[in-house]
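Hello,

Here is the structure I promised to pass on. My notes follow below it.

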Amino acid sequence: MKVYDTANKLAQEIKESEEYITYKTAKEAINLNYELKKKIDEFEKARYEAQIIALQTGRDNEEKMKNVQELYGELIQNQEASKYFDAEMKFNIMIADINKIIGEVVQNLIK
């Protein structure tokens with residue numbers, strides 16, 4: 001049962017982390033700006049499609065990647081969008097680090 005308590009404590013600490021709070025605040029600000037939200041959604045869709053193609057084919061689709069880069073270039077000029085992407089990146093790094101730590105324990109069982 002202690003593992004579940006620790007997992008719940010970790011979840012609470014994530015919610016209280018600077019990365020989570022900053023990302024949540026940035027996301028809420030984006031959601032209040034319909035036009036900016038629409039542009040970010042368009043970017044996210046284009047990025048997702050480019051990633052799927054890369055995974056399926058083993059290489060980047062230059063046209064899709066160029067579109068993603070252009071959309072990102074436009075968005076990053078906007079201060080709110082820039083804050084959002086920065087907060088998203090920092091939050092994702094924290095989550096990836098946590099997953100790596102947990103994954104290493106699981107990996108030891110597989111070997």
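Which residues are buried in H4? They are Val-68, Leu-71 and Leu-75, where buried means under 20% relative accessible area and exposed over 50%, with a 1.4 Å probe and protein chains only. Because these three cover an arc of only 65° around the axis, they sit on the same side of H4; the arc is taken from the directions from the helix axis to the C-beta atoms. An α-helix has 3.6 residues a turn, so residues three or four places apart point the same way. Exposed on the other side of H4 are Glu-62, Glu-63, Lys-66, Gln-69 and Glu-74. H3 and H5 are among what covers the buried residues of H4.

Before the rest, the basis. This is a predicted model, numbered from 1 along each chain as its sequence is written. Local features need pLDDT of at least 70, side-chain atom pairs count only at pLDDT 80 or more, totals for chains, interfaces and linings use all residues, and side-chain values use heavy atoms, without hydrogens and water. Helices are DSSP runs (H or I, at least four residues), numbered from the N terminus.

In H2 (residues 18–31), the buried residues are Tyr-23, Ala-26 and Ile-30. They too lie on one side, the same side of H2, since their arc is only 65°. These buried residues pack against helix H3 (34–57) and H5, with contact meaning heavy atoms within 4.5 Å.

H2 and H5 (residues 79–110) pack at about 145°, with axes 8 Å apart. Axes are lines fitted to C-alpha atoms over the stretch in contact, and angles run from 0 to 180 degrees between N-to-C directions.

Regards

Note on methods:
Helices (H or I, at least four residues) and strands (E, at least two) are DSSP runs, numbered from the N terminus.
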